[in-house]
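Please read the points below beside the sequence and the coordinates.

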Amino acid sequence: MFKRFIRKMLFSLCFIFLFTMRYVDQTFSVALNDLPILAGWESVGVPLAEIQIEGWKKLNTDFMDTQQLGKVAANLEKRLRLRTLAPPVKGDELDFSYITMEGSLEEQVTVVITLQSIRGDAGGAETYCGVIALPTSAEMLAETVRRLERAFAPEVGEMPLAVMLGGVWPGRLSAGEAHQLMRSVFRRLQATESSGVAEDEYGRWSGWSSLIGGKAQRPGRATNLEFAYRYEATVDQTRIALGSPVLPGYF
């Protein structure tokens, strides 16, 4: 009877562990199957208004015409179960070819895929693949990342994906306030600050968190977390962005 009691207790403990692991992590206040960067955004204190997933990869050193690029695009469309509303946009020139298609995942996540091939003057060539996905809610973020990874891996290999979260702070955020906000976000993600710059209307910091996968190689160091702000005087608001492993170049 005692052995049966022990077995029941072990079974109950395993069930509770699996159930709670599926739904919540008390440390970060987000579901464990979500991305840790969402926990970092909670420390920003403004509503999440923008989510972007971006990937860019060099495929090979061959020149591929639109017919060849189209085969890759068609396979990606099929693997993603992408719902397209119009035929792909494509072009074929002597030293440059490209194909771009846009669609959605269950009409909830807009996805744009582009493939382009360039032939250099010296006879060399390079072919690239890029993707941008725009989930409309935080709940879709982690699943969209996983879906992209699963679809791209068999066709182009591992696709490095960067995630950006964005929101708006009403009015002007001073450099000191922005620095304190960054420190709060980095502390939440147990990140170490590696470098940064702050001015009156713009600032950007990068760091490393062991809770986040992926990395970007900087001169002499690796980072996987970036925080930035930019004041827009015309509308009197400050845009805030949190990215992993890097923020888009335009920010």
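Where is P245 found? P245 is in the segment after β13 (237-244).

1. Basis. This is a predicted model, in which local features need pLDDT of at least 70, side-chain atom pairs count only at pLDDT 80 or more, and totals for chains, interfaces and linings use all residues. Residues are numbered from 1 along each chain as its sequence is written, and side-chain values use heavy atoms, with hydrogens and water left out.

2. Overall content. The chain has 5 helices and 13 strands; these are DSSP runs (helices H or I, at least four residues; strands E, at least two), numbered from the N terminus. Of its 251 residues, 39% count as buried. Buried means under 20% relative accessible area, exposed over 50%, and partly exposed in between (1.4 Å probe, protein chains only). Among contacts (heavy atoms within 4.5 Å) between residues at least 6 apart in sequence, 58% join residues at least 24 apart.

3. Helix pair. Helix α3 (residues 66-80) packs on helix α4 (residues 141-156) at an angle of about 145°, and the axes are 9 Å apart. Axes here are lines fitted to C-alpha atoms, for helices over the stretch in contact, and angles run from 0 to 180 degrees between N-to-C directions. From α3, the residues V72, N75, L76, R79 and L80 meet R147, L148, A151, F152, P154, E155 and V156 of α4. By class, the residues of this contact are 8 nonpolar, 1 polar and 3 charged. Ala, Val, Leu, Ile, Met, Phe, Trp, Tyr, Cys and Pro count as nonpolar, Asp, Glu, Lys and Arg as charged, and the others, Gly among them, as polar.

4. Helix α4. The 16 residues of α4 should span 22 Å at 1.5 Å a residue, and the end C-alpha atoms are 22 Å apart, so the two agree. The expected span is 1.5 Å times one less than the number of residues. Buried residues of α4 include L141, A142, T144, V145, R147 and L148; A151, F152 and V156 are also buried. Just after α4, G157 takes a positive phi of about 85°.

5. Core. The largest nonpolar core has 50 residues, of which I113, F152 and F227 touch the most other members. The largest share of this core, 6 residues, comes from α4. A nonpolar core is a set of buried Ala, Val, Leu, Ile, Met, Phe, Trp, Tyr and Cys residues joined through side-chain atoms within 4.5 Å.

6. Positive phi outside glycine. E107, in the loop between β4 and β5, has a positive phi of about 60° although it is not a glycine. E107 counts as exposed because its relative accessibility is 66%. Q190, in the loop between α5 (175-188) and β8 (191-198), is likewise not a glycine and has a positive phi of about 55°. Q190 has a relative accessible area of 49% and is therefore partly exposed.

7. T110 lies in strand β5 (residues 109-119) and is partly exposed, at 32% relative accessibility. Leaving aside neighbours within four places in sequence, T110 is in contact with E102, G103, S104, I132, A133 and L134. T110 and T136 are 26 residues apart in sequence and 8.6 Å apart in space, C-alpha to C-alpha. E93 sits in the loop between β3 (89-92) and β4 (96-105) and is exposed, with a relative accessible area of 55%.
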